[in-house]
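Good morning, and thank you for coming. Please look at the sequence and the structure as they come up.

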Amino acid sequence: MTTFFPPPPAIPLVELANRTGCTLVNAQDGTKTVNSVAPVEDATPGALTFLTKPKYLSAVQNSSAAAVICHARHADKFPDHIAVMTSPEPYRAFGLAAAILFPSAMRPQPVFGEGISKAAHIHETALLEEGATVEAGAVIGRDVRIGADTYIGPNVTIGAGCHIGRDTAIAGNVSIVHSLIGDHVILQSGVRLGGDGFGFATGMTHQKIPQVGRVIIQDHVEIGANTCVDRGANRDTIIGEGTKIDCLVMVGHNVVIGRHCVIVGQVGLAGSCELEDYVVIGGQAGVSGHLKVGQRAQLAGRSGVVDDVPPGAKWGGAPARPVMHWIREVNRVRRDALSDKDTQT
């Protein structure tokens, strides 16, 4: 089978358990090794797998996996040939283990090689710290600052005055202008940062309003492919530390996103809305401008938010409302529709 990631060396389970915080159920299994990862039903000898949902237990008896990470309540459900490691958060522990086995899968990797390509175009006033990699076709403008061990992929454009932190990875064909980016950030292919916000004084003709703010990306943020983040109009667009944004998301001007939020694909955040810390938004949801979504609120996929969302709330539907209200309304409409059908027949 063709693989795009270097095959890892075999790692003893005792080492993997120690590094992931797992408990090895049978200490005698500590010398067993794993060298790949796979789902339960497709696991081959030498593979590490995980189990979080009981519905997959039926696949366990026929699995060839070498080891599994699961919750303690499932530890006795596996055949003798599968070594068991338990964790209160099996999926998180599996993620840590997979990162140990396949570190190159954690961030964009050089296409051609490390170092500064002779085919890159770097302004004489730009400053690159030691260990930075810049691939062919990249254009780095005046007074740009790029931190140590940061990777700049092919055909990336970085506009004048932008600052990019250390150990950040920017995949190919990204464009960055009017932006300040922190450390350990990942930008996937095609991300657009710092473009014009959509600002017009509308009327018989539409007067363009200059967008003079910036984009601020804090540490440990990840942004998926082809997502756009507009710069602020008269203040900054901000994405807080640890936030993860999926592909094809639109972040409007002056939006403020808090720390450790999760935003799934095709979400639209209109100008000047604010997401507090730990907000989760499902795919294709939209948040209207100048609204606030409170800390730890959750919005279901395809929600249409037109009012402020209280902290900790779970909303869904369009217009979005508390999720239990939404479910009751949907069920009532379904019952009424079925009742009408029965009457007509």
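I shall begin with the whole protein and then turn to its salt bridges, its cysteines and one surface patch.

Please note that this is a predicted model, in which local features need pLDDT of at least 70 and side-chain atom pairs count only at pLDDT 80 or more, while totals for chains, interfaces and linings use all residues. Residues are numbered from 1 along each chain as its sequence is written, and side-chain values use heavy atoms, with hydrogens and water left out.

Let us start with the overall picture. The protein has three helices and 39 strands; these are DSSP runs numbered from the N terminus, with helices being H or I of at least four residues and strands being E of at least two. Taken along the principal axes, the box filled by the C-alpha atoms is roughly 75 × 75 × 35 Å. The accessible surface comes to about 18,100 Å², and 54% of that belongs to carbon and sulfur atoms; such areas come from the Shrake-Rupley method with a 1.4 Å probe, and for residues only the protein chains shown count as cover.

How many of the 345 residues, as a percentage, count as buried? The figure is 43%, where buried means under 20% relative accessible area, exposed means over 50%, and partly exposed lies in between (1.4 Å probe, protein chains only). As for contacts, meaning heavy atoms within 4.5 Å, residues 24 or more positions apart account for 21% of those with a separation of 6 or more.

I now come to the salt bridges, each a side-chain nitrogen of Lys or Arg within 4 Å of a carboxyl oxygen of Asp or Glu. The whole structure holds 14 of them. One of these joins R19 to E15, at 3.1 Å from N to O. Both residues lie in helix α1, residues 13-20, and they are four residues apart, about one turn of the helix. E15 is partly exposed at 34% relative accessible area.

Another salt bridge pairs K77 with D76, again with 3.1 Å between the closest N and O atoms. Here K77 is partly exposed at 35%, whereas D76 is exposed at 63%.

Which parts of the chain does the salt bridge between D196 and R231 tie together? The two side chains meet at 2.6 Å, N to O. D196 lies in the loop between β20 (192-195) and β21 (200-201), and R231 in the loop between β25 (228-230) and β26 (237-239), so the pair ties together parts that are 35 residues apart in sequence. D196 is partly exposed at 37%, while R231 is buried at 11%. Together with K208, D196 and R231 are linked in a network of salt bridges.

Next, the cysteines. A search of the whole structure finds zero disulfides, a disulfide being a pair of cysteine sulfur atoms within 2.5 Å. For C22, the nearest cysteine sulfur is that of C70, 9.2 Å away. C22 counts as buried at 10% relative accessibility. For C273, the nearest cysteine sulfur is that of C261, at 11 Å, and C273 is buried at 0%.

Finally, the surface. V262, V264 and V280 make a nonpolar patch of about 170 Å². Patches are made of residues with over 30% relative accessible area and no salt bridge; like charges are joined within 9 Å, and nonpolar side chains (Val, Leu, Ile, Met, Phe, Trp, Tyr) within 5 Å. V280 sits in strand β33, residues 280-281, and is partly exposed at 31%.

Thank you for your attention.
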